[in-house]
Amino acid sequence: MSYTLDKRVDGEFDDVVERTTNALSEEGFGVLCDIDVQQTLKKKLDEDFRQYRILGACNPPLAQQALEEELQLGTLLPCNVVVYETDEGETGVSAVDPEVMLSVVDNPELDSIAAEVRERFERVLDELPDA
């Protein structure tokens, strides 16, 4: 079972990061954190790694609803979206599949929230140009 929603995207890496951030915003998500994995691994380990950014996305109204149903859910937040350089040198975008992620919680009250987040992430990916 896949735990991500994936797309190969046309465009330069930094442009894809910006477009992804903008598409997330259009769907009501803010980016709470932006982790540059390439830069972090170089700085901490002096290791080279492909371009790879983790965007911690949060939709406050949906997060609040989910936390009211399951207080410990914060351990699974924010929802991560990654922009990365593929082995072939293309740019990929992957979002966590919230339905799969929240299935570990075993709380049916979260099902509709997970479905809503998934639909929004699918629209985000649809906004990005195909590679």
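This is a predicted model: local features need pLDDT of at least 70, side-chain atom pairs count only at pLDDT 80 or more; totals for chains, interfaces and linings use all residues.
Visitor: How are the rings of Tyr-52 and Tyr-84 arranged: stacked, edge-to-face or tilted?
Guide: Their centres are 6.0 Å apart, which is within the 6.5 Å needed for a pair. Stacked would need planes under 30 degrees apart, and edge-to-face over 60. The planes of these two sit at 35 degrees, so the pair is tilted.

Visitor: How far apart in sequence are the parts that this pair ties together?
Guide: Tyr-52 belongs to strand S3, residues 52-58. Tyr-84 belongs to strand S4, residues 79-85, so the pair ties together parts whose separation in sequence is 32 residues.

Visitor: Which residue lies over the face of Phe-49?
Guide: Phe-49 is part of a ring cluster with Tyr-52 and Tyr-84. A charge over a ring has to be within 6 Å of the ring centre. At 5.8 Å from the centre of the Phe-49 ring, the residue over its face is Arg-50.

Visitor: Which element gives the largest share of the largest nonpolar core?
Guide: That core has 29 residues, and Val-93 and Phe-121 are among those touching the most other members. Elements giving two or more residues include strand S1, helix H1 and helix H5. The largest share is 6 residues, and it comes from H5.

Conventions
Residues are numbered from 1 along each chain as its sequence is written. Side-chain values use heavy atoms; hydrogens and water are left out. Helices (H or I, at least four residues) and strands (E, at least two) are DSSP runs, numbered from the N terminus. A charge sits over a ring if NZ of Lys or CZ of Arg is within 6 Å of the ring centre and within 35 degrees of the ring normal. A nonpolar core is a set of buried Ala, Val, Leu, Ile, Met, Phe, Trp, Tyr and Cys residues joined through side-chain atoms within 4.5 Å. Buried means under 20% relative accessible area, exposed over 50%, partly exposed in between (1.4 Å probe, protein chains only).
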